[in-house]
Amino acid sequence: MKILLTGGAGYIGSHTCVELLDQGYEVVIADNFDNSSKKVLDRIKKITGKNVILYEIDVKDKMDVDKLFDEQKIEAVIHFAGFKAVGESCAFPVKYYRNNVDTTLTLLESMKEHNVNNFVFSSSATVYGIPESVPLQEWMKPGCINPYGRTKYVNELILKDAADADENLSVVLLRYFNPIGAHKSGLIGESPSGIPNNLMPYITQVAVGKLEQLGIFGDDYETRDGTGVRDYIHVVDLAKGHLKAIEYALSHKGCELFNLGTGTGYSVLDIVKAFEKANDIKIPYTIKPRRAGDIAEFYADPKKANKELNWHTENTLEDMCRDSWNWQKKNPNGYE
Ligand code: UD1
(Lines give C-alpha, C1' and ligand atoms only; values in the text may rest on other atoms or scores of the structure.)
Protein backbone atom coordinates (compact mmCIF):
# COMPACT_ATOMS: atom_id res chain seq x y z
CA MET A 1 0.00 0.00 0.00
CA LYS A 2 1.35 3.39 -1.03
CA ILE A 3 1.13 6.38 1.32
CA LEU A 4 1.85 10.01 0.38
CA LEU A 5 3.65 12.06 3.03
CA THR A 6 3.66 15.78 2.36
CA GLY A 7 6.53 17.33 4.28
CA GLY A 8 7.91 13.81 4.63
CA ALA A 9 11.50 15.06 4.96
CA GLY A 10 10.70 17.05 8.11
CA TYR A 11 11.21 16.01 11.71
CA ILE A 12 7.94 14.15 12.32
CA GLY A 13 7.49 13.21 8.65
CA SER A 14 10.88 11.47 8.39
CA HIS A 15 10.28 9.43 11.55
CA THR A 16 6.83 8.43 10.29
CA CYS A 17 8.36 7.48 6.95
CA VAL A 18 10.79 5.07 8.68
CA GLU A 19 7.99 3.41 10.66
CA LEU A 20 5.83 3.03 7.54
CA LEU A 21 8.69 1.50 5.54
CA ASP A 22 9.51 -0.85 8.43
CA GLN A 23 5.90 -2.05 8.37
CA GLY A 24 6.00 -2.76 4.64
CA TYR A 25 4.18 0.31 3.31
CA GLU A 26 5.51 2.08 0.22
CA VAL A 27 6.12 5.79 0.73
CA VAL A 28 5.96 8.75 -1.63
CA ILE A 29 7.29 12.01 -0.22
CA ALA A 30 6.22 15.42 -1.52
CA ASP A 31 8.50 18.09 -0.10
CA ASN A 32 9.90 21.41 -1.31
CA PHE A 33 12.72 21.29 1.29
CA ASP A 34 11.74 24.73 2.50
CA ASN A 35 12.62 23.75 6.09
CA SER A 36 14.20 20.31 5.63
CA SER A 37 17.20 18.65 4.03
CA LYS A 38 17.55 16.25 1.12
CA LYS A 39 20.08 14.35 3.20
CA VAL A 40 17.15 12.93 5.17
CA LEU A 41 16.39 10.62 2.26
CA ASP A 42 19.83 8.92 2.39
CA ARG A 43 19.45 8.54 6.15
CA ILE A 44 16.02 6.92 5.75
CA LYS A 45 17.57 4.53 3.21
CA LYS A 46 20.39 3.73 5.65
CA ILE A 47 17.95 2.91 8.46
CA THR A 48 15.39 0.94 6.50
CA GLY A 49 17.31 -0.34 3.46
CA LYS A 50 14.40 0.96 1.39
CA ASN A 51 13.92 3.77 -1.11
CA VAL A 52 11.18 6.33 -1.08
CA ILE A 53 9.79 8.02 -4.17
CA LEU A 54 10.43 11.77 -4.03
CA TYR A 55 8.44 14.57 -5.64
CA GLU A 56 10.21 17.86 -5.06
CA ILE A 57 7.10 19.97 -5.38
CA ASP A 58 5.12 22.62 -3.55
CA VAL A 59 1.88 21.04 -2.38
CA LYS A 60 0.04 24.31 -3.16
CA ASP A 61 0.70 23.67 -6.85
CA LYS A 62 -2.34 21.84 -8.19
CA MET A 63 -0.70 20.80 -11.48
CA ASP A 64 2.21 19.14 -9.69
CA VAL A 65 -0.04 17.46 -7.14
CA ASP A 66 -2.34 16.19 -9.94
CA LYS A 67 0.70 14.76 -11.74
CA LEU A 68 1.76 12.95 -8.58
CA PHE A 69 -1.67 11.37 -8.11
CA ASP A 70 -1.78 10.50 -11.86
CA GLU A 71 1.54 8.70 -11.62
CA GLN A 72 1.27 7.03 -8.19
CA LYS A 73 -1.52 4.84 -6.90
CA ILE A 74 -1.88 6.50 -3.48
CA GLU A 75 -4.19 4.98 -0.85
CA ALA A 76 -3.79 7.55 1.91
CA VAL A 77 -2.23 10.96 2.51
CA ILE A 78 -0.54 12.18 5.68
CA HIS A 79 -0.28 15.95 5.44
CA PHE A 80 2.69 17.22 7.46
CA ALA A 81 3.84 20.05 5.18
CA GLY A 82 3.38 23.46 6.75
CA PHE A 83 4.99 26.47 8.34
CA LYS A 84 5.29 26.08 12.10
CA ALA A 85 7.05 29.01 13.73
CA VAL A 86 4.69 30.76 16.13
CA GLY A 87 6.61 34.08 16.18
CA GLU A 88 6.88 34.23 12.39
CA SER A 89 3.17 33.49 12.07
CA CYS A 90 2.41 36.62 14.14
CA ALA A 91 4.62 38.76 11.89
CA PHE A 92 3.44 37.19 8.60
CA PRO A 93 -0.06 35.81 9.16
CA VAL A 94 -1.09 35.98 5.50
CA LYS A 95 1.95 33.97 4.45
CA TYR A 96 0.97 31.35 7.07
CA TYR A 97 -2.68 31.15 6.05
CA ARG A 98 -1.77 31.06 2.35
CA ASN A 99 0.66 28.18 2.82
CA ASN A 100 -0.98 26.13 5.52
CA VAL A 101 -4.51 26.36 4.18
CA ASP A 102 -3.84 26.27 0.40
CA THR A 103 -1.88 23.03 0.70
CA THR A 104 -4.85 21.29 2.32
CA LEU A 105 -7.35 22.67 -0.21
CA THR A 106 -5.18 21.59 -3.13
CA LEU A 107 -4.76 18.11 -1.68
CA LEU A 108 -8.50 17.73 -1.04
CA GLU A 109 -9.37 18.81 -4.60
CA SER A 110 -6.81 16.59 -6.21
CA MET A 111 -7.60 13.63 -3.96
CA LYS A 112 -11.28 13.84 -4.87
CA GLU A 113 -10.45 13.93 -8.58
CA HIS A 114 -8.23 10.88 -8.17
CA ASN A 115 -10.52 8.96 -5.84
CA VAL A 116 -8.05 9.02 -2.90
CA ASN A 117 -10.17 8.91 0.22
CA ASN A 118 -7.98 8.72 3.33
CA PHE A 119 -6.51 11.86 4.90
CA VAL A 120 -4.47 12.08 8.12
CA PHE A 121 -3.77 15.64 9.25
CA SER A 122 -0.87 16.84 11.33
CA SER A 123 -2.56 19.21 13.75
CA SER A 124 -1.28 20.54 17.02
CA ALA A 125 -2.36 20.69 20.64
CA THR A 126 -1.72 24.41 20.30
CA VAL A 127 -5.29 24.51 18.90
CA TYR A 128 -6.59 24.21 22.50
CA GLY A 129 -5.08 27.60 23.40
CA ILE A 130 -5.17 28.49 27.08
CA PRO A 131 -6.80 25.52 28.77
CA GLU A 132 -9.51 25.93 31.40
CA SER A 133 -8.33 22.65 32.90
CA VAL A 134 -5.87 19.84 32.26
CA PRO A 135 -5.59 17.13 31.02
CA LEU A 136 -6.86 18.24 27.63
CA GLN A 137 -9.60 16.18 26.07
CA GLU A 138 -10.72 16.22 22.46
CA TRP A 139 -14.19 17.65 23.17
CA MET A 140 -12.76 20.77 24.86
CA LYS A 141 -13.27 24.11 23.17
CA PRO A 142 -10.41 25.30 20.91
CA GLY A 143 -8.97 28.71 21.72
CA CYS A 144 -5.86 29.16 19.58
CA ILE A 145 -3.89 32.23 20.56
CA ASN A 146 -1.69 32.80 17.52
CA PRO A 147 -2.02 32.67 13.69
CA TYR A 148 -0.03 29.42 13.48
CA GLY A 149 -2.51 27.70 15.79
CA ARG A 150 -5.42 29.20 13.89
CA THR A 151 -4.12 27.85 10.57
CA LYS A 152 -4.17 24.38 12.16
CA TYR A 153 -7.69 24.90 13.45
CA VAL A 154 -8.95 26.26 10.12
CA ASN A 155 -7.56 23.14 8.48
CA GLU A 156 -9.39 20.95 10.97
CA LEU A 157 -12.66 22.74 10.15
CA ILE A 158 -12.13 22.42 6.39
CA LEU A 159 -11.36 18.71 6.71
CA LYS A 160 -14.38 18.10 8.93
CA ASP A 161 -16.67 19.88 6.44
CA ALA A 162 -15.14 17.92 3.56
CA ALA A 163 -15.69 14.61 5.36
CA ASP A 164 -19.27 15.56 6.30
CA ALA A 165 -20.03 16.29 2.65
CA ASP A 166 -18.37 13.23 1.13
CA GLU A 167 -19.38 9.81 2.36
CA ASN A 168 -16.27 8.24 0.84
CA LEU A 169 -13.81 10.46 2.70
CA SER A 170 -12.07 9.44 5.94
CA VAL A 171 -10.22 12.08 7.91
CA VAL A 172 -8.14 11.62 11.06
CA LEU A 173 -7.00 14.80 12.83
CA LEU A 174 -4.02 14.31 15.14
CA ARG A 175 -3.25 16.93 17.78
CA TYR A 176 0.38 16.51 18.75
CA PHE A 177 1.72 17.55 22.12
CA ASN A 178 5.50 18.23 22.40
CA PRO A 179 7.56 15.85 20.26
CA ILE A 180 11.19 15.36 21.27
CA GLY A 181 13.75 12.56 20.90
CA ALA A 182 15.01 10.98 17.73
CA HIS A 183 15.34 7.62 16.01
CA LYS A 184 17.57 5.25 18.03
CA SER A 185 20.09 5.12 15.16
CA GLY A 186 20.89 8.83 15.62
CA LEU A 187 20.62 9.17 11.83
CA ILE A 188 17.48 11.31 11.77
CA GLY A 189 16.31 13.93 14.25
CA GLU A 190 15.21 17.50 14.68
CA SER A 191 17.35 20.02 12.86
CA PRO A 192 16.05 23.52 13.56
CA SER A 193 17.48 26.40 11.55
CA GLY A 194 19.06 29.15 13.63
CA ILE A 195 18.69 29.35 17.38
CA PRO A 196 16.06 26.84 18.51
CA ASN A 197 12.76 28.09 19.94
CA ASN A 198 11.85 24.77 21.52
CA LEU A 199 13.21 23.45 24.77
CA MET A 200 14.87 20.15 23.86
CA PRO A 201 16.84 21.35 20.83
CA TYR A 202 18.01 24.27 22.96
CA ILE A 203 19.21 21.91 25.69
CA THR A 204 21.04 19.62 23.24
CA GLN A 205 22.75 22.63 21.65
CA VAL A 206 23.94 23.74 25.09
CA ALA A 207 25.17 20.18 25.70
CA VAL A 208 27.10 20.12 22.44
CA GLY A 209 28.66 23.53 23.20
CA LYS A 210 26.93 25.56 20.50
CA LEU A 211 24.97 27.63 23.02
CA GLU A 212 26.28 28.80 26.36
CA GLN A 213 23.37 28.21 28.69
CA LEU A 214 19.67 27.54 28.75
CA GLY A 215 17.29 30.35 29.67
CA ILE A 216 14.31 29.04 31.58
CA PHE A 217 11.31 31.20 30.74
CA GLY A 218 9.80 31.85 34.16
CA ASP A 219 9.92 30.03 37.50
CA ASP A 220 6.83 31.66 38.99
CA TYR A 221 4.08 29.67 37.29
CA GLU A 222 1.51 27.86 39.40
CA THR A 223 3.20 24.51 38.89
CA ARG A 224 5.02 22.25 41.36
CA ASP A 225 8.43 23.90 40.78
CA GLY A 226 7.26 27.14 39.15
CA THR A 227 8.43 26.22 35.61
CA GLY A 228 6.15 25.40 32.68
CA VAL A 229 4.73 21.89 32.39
CA ARG A 230 4.29 20.12 29.03
CA ASP A 231 3.51 16.69 27.65
CA TYR A 232 6.73 15.58 25.93
CA ILE A 233 6.31 12.64 23.59
CA HIS A 234 9.00 10.58 21.86
CA VAL A 235 8.87 11.31 18.13
CA VAL A 236 8.98 7.56 17.34
CA ASP A 237 5.89 6.96 19.51
CA LEU A 238 4.26 9.89 17.72
CA ALA A 239 5.25 8.43 14.34
CA LYS A 240 3.68 5.10 15.28
CA GLY A 241 0.44 6.95 16.05
CA HIS A 242 0.25 7.81 12.34
CA LEU A 243 0.28 4.14 11.36
CA LYS A 244 -2.62 3.57 13.73
CA ALA A 245 -4.37 6.60 12.24
CA ILE A 246 -3.97 5.18 8.72
CA GLU A 247 -5.45 1.86 9.86
CA TYR A 248 -8.30 3.74 11.50
CA ALA A 249 -9.00 5.82 8.38
CA LEU A 250 -9.06 2.70 6.22
CA SER A 251 -11.75 1.14 8.39
CA HIS A 252 -13.89 4.19 9.37
CA LYS A 253 -15.62 6.91 7.36
CA GLY A 254 -16.11 10.47 8.56
CA CYS A 255 -13.81 12.69 10.60
CA GLU A 256 -12.26 11.83 13.97
CA LEU A 257 -9.94 13.80 16.24
CA PHE A 258 -7.26 12.35 18.54
CA ASN A 259 -4.74 13.75 21.00
CA LEU A 260 -1.28 12.24 20.65
CA GLY A 261 0.46 12.77 23.97
CA THR A 262 1.63 10.61 26.86
CA GLY A 263 -0.74 12.03 29.48
CA THR A 264 2.15 12.98 31.77
CA GLY A 265 3.32 16.53 32.33
CA TYR A 266 6.97 17.35 33.04
CA SER A 267 8.32 20.75 34.04
CA VAL A 268 11.26 22.49 32.40
CA LEU A 269 13.37 21.65 35.46
CA ASP A 270 12.26 17.98 35.25
CA ILE A 271 13.53 17.91 31.68
CA VAL A 272 16.85 19.55 32.55
CA LYS A 273 17.42 17.11 35.42
CA ALA A 274 16.36 14.06 33.38
CA PHE A 275 18.68 15.11 30.54
CA GLU A 276 21.60 15.59 32.95
CA LYS A 277 20.99 12.20 34.56
CA ALA A 278 20.42 10.21 31.35
CA ASN A 279 23.49 11.61 29.62
CA ASP A 280 25.78 12.56 32.49
CA ILE A 281 26.13 16.14 31.22
CA LYS A 282 25.60 19.36 33.15
CA ILE A 283 23.21 21.89 31.59
CA PRO A 284 23.90 25.38 32.91
CA TYR A 285 20.80 27.56 33.06
CA THR A 286 19.49 30.89 34.26
CA ILE A 287 15.95 31.93 35.06
CA LYS A 288 14.58 34.47 32.60
CA PRO A 289 11.28 36.33 32.42
CA ARG A 290 8.24 34.46 31.14
CA ARG A 291 7.99 34.11 27.35
CA ALA A 292 4.98 35.90 25.85
CA GLY A 293 2.19 33.51 24.94
CA ASP A 294 3.40 30.68 27.21
CA ILE A 295 1.05 28.89 29.55
CA ALA A 296 1.66 27.18 32.87
CA GLU A 297 0.52 23.64 32.35
CA PHE A 298 -0.46 21.70 29.27
CA TYR A 299 -0.82 17.94 28.90
CA ALA A 300 -3.02 15.45 27.12
CA ASP A 301 -5.63 13.00 28.07
CA PRO A 302 -4.62 10.31 25.54
CA LYS A 303 -7.36 7.82 26.48
CA LYS A 304 -9.32 8.24 23.26
CA ALA A 305 -6.27 7.36 21.12
CA ASN A 306 -5.32 4.56 23.55
CA LYS A 307 -8.73 3.00 23.16
CA GLU A 308 -9.92 3.76 19.64
CA LEU A 309 -6.57 3.69 17.83
CA ASN A 310 -5.11 1.03 20.11
CA TRP A 311 -2.05 3.28 20.39
CA HIS A 312 0.15 3.56 23.48
CA THR A 313 3.44 5.34 24.01
CA GLU A 314 6.40 3.13 24.89
CA ASN A 315 9.36 5.45 25.46
CA THR A 316 10.17 7.00 28.82
CA LEU A 317 11.50 10.48 29.52
CA GLU A 318 14.94 8.90 29.91
CA ASP A 319 14.65 7.39 26.39
CA MET A 320 13.63 10.79 25.03
CA CYS A 321 16.61 12.52 26.66
CA ARG A 322 19.09 9.85 25.60
CA ASP A 323 17.87 9.73 22.00
CA SER A 324 17.78 13.53 21.65
CA TRP A 325 21.40 13.68 22.77
CA ASN A 326 22.48 10.71 20.65
CA TRP A 327 21.18 12.53 17.55
CA GLN A 328 22.71 15.90 18.50
CA LYS A 329 26.17 14.58 19.38
CA LYS A 330 26.38 12.55 16.15
CA ASN A 331 25.09 15.54 14.15
CA PRO A 332 26.30 18.68 15.95
CA ASN A 333 25.09 20.81 13.03
CA GLY A 334 21.97 18.81 12.22
CA TYR A 335 21.91 17.91 8.54
CA GLU A 336 24.19 20.85 7.55
C1 UD1 B 1 5.79 25.41 21.12
C2 UD1 B 1 4.81 26.27 20.37
C3 UD1 B 1 3.68 25.40 19.88
C4 UD1 B 1 4.22 24.26 19.04
C5 UD1 B 1 5.25 23.47 19.83
C6 UD1 B 1 5.93 22.44 18.94
C7 UD1 B 1 5.01 28.52 21.32
C8 UD1 B 1 4.37 29.54 22.20
N9 UD1 B 1 4.35 27.36 21.22
O10 UD1 B 1 5.11 24.87 22.25
O11 UD1 B 1 2.78 26.16 19.12
O12 UD1 B 1 3.17 23.42 18.63
O13 UD1 B 1 6.27 24.34 20.33
O14 UD1 B 1 6.76 21.61 19.70
O15 UD1 B 1 6.05 28.73 20.73
N16 UD1 B 1 11.32 26.84 27.43
C17 UD1 B 1 12.32 27.42 28.16
N18 UD1 B 1 13.44 27.83 27.52
C19 UD1 B 1 13.62 27.68 26.16
C20 UD1 B 1 12.59 27.08 25.42
C21 UD1 B 1 11.44 26.67 26.10
O22 UD1 B 1 12.22 27.59 29.38
O23 UD1 B 1 14.67 28.08 25.65
C24 UD1 B 1 10.11 26.36 28.14
C25 UD1 B 1 8.82 27.05 27.69
O26 UD1 B 1 8.58 28.21 28.42
C27 UD1 B 1 7.81 25.92 27.95
C28 UD1 B 1 8.59 24.64 27.71
O29 UD1 B 1 9.96 25.00 27.84
O30 UD1 B 1 7.39 25.95 29.30
C31 UD1 B 1 8.37 24.04 26.35
O32 UD1 B 1 8.61 25.03 25.36
P33 UD1 B 1 8.64 24.68 23.79
O34 UD1 B 1 9.55 23.52 23.57
O35 UD1 B 1 8.94 25.93 23.06
O36 UD1 B 1 7.17 24.16 23.49
P37 UD1 B 1 5.76 24.90 23.69
O38 UD1 B 1 5.92 26.30 24.12
O39 UD1 B 1 4.92 24.01 24.54
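**Aspartate 231**

I looked up what the side chain of aspartate 231 touches, and it reaches the backbone nitrogen of glycine 263 at 3.0 Å. The backbone nitrogen of alanine 300 also lies 3.0 Å from a polar atom of this side chain. I count a polar contact as a pair of N or O atoms within 3.5 Å; within protein, one must be able to donate a hydrogen and the other to accept it, and residues adjacent in sequence count only if both atoms are side-chain atoms.

This is a predicted model, where local features need pLDDT of at least 70, side-chain atom pairs count only at pLDDT 80 or more, and totals for chains, interfaces and linings use all residues. Residues are numbered from 1 along each chain as its sequence is written, and side-chain values use heavy atoms, with hydrogens and water left out.

I found aspartate 231 in the loop between strand S9 (229-230) and strand S10 (232-234). Helices (H or I, at least four residues) and strands (E, at least two) are DSSP runs, numbered from the N terminus.

Aspartate 231 is buried yet has no salt bridge. Buried means under 20% relative accessible area (1.4 Å probe, protein chains only). A salt bridge needs a side-chain nitrogen of Lys or Arg within 4 Å of a carboxyl oxygen of Asp or Glu. The nearest side chain of opposite charge is arginine 230, 10 Å away. Lys and Arg count as positive, Asp and Glu as negative; His and the chain ends are not counted.

**Aromatic rings**

Which residues form one aromatic cluster? I noted Tyr128, Phe177 and Phe298. Rings of Phe, Tyr and Trp (its six-membered ring) pair if their centres lie within 6.5 Å; planes under 30 degrees apart count as stacked, over 60 as edge-to-face and the rest as tilted.

The count comes to 6 aromatic pairs. Tyrosine 128 and phenylalanine 177 are tilted, 6.5 Å centre to centre with 35 degrees between the planes.

**Helix H8**

Is helix H8 enclosed or open? I found 12 of its 17 residues buried, so H8 is largely enclosed by the rest of the structure. Among the buried ones are Val235, Leu238, His242 and Tyr248.

Terms used. Buried < 20%, exposed > 50% of the residue type's maximum accessible area, 1.4 Å probe, protein only.
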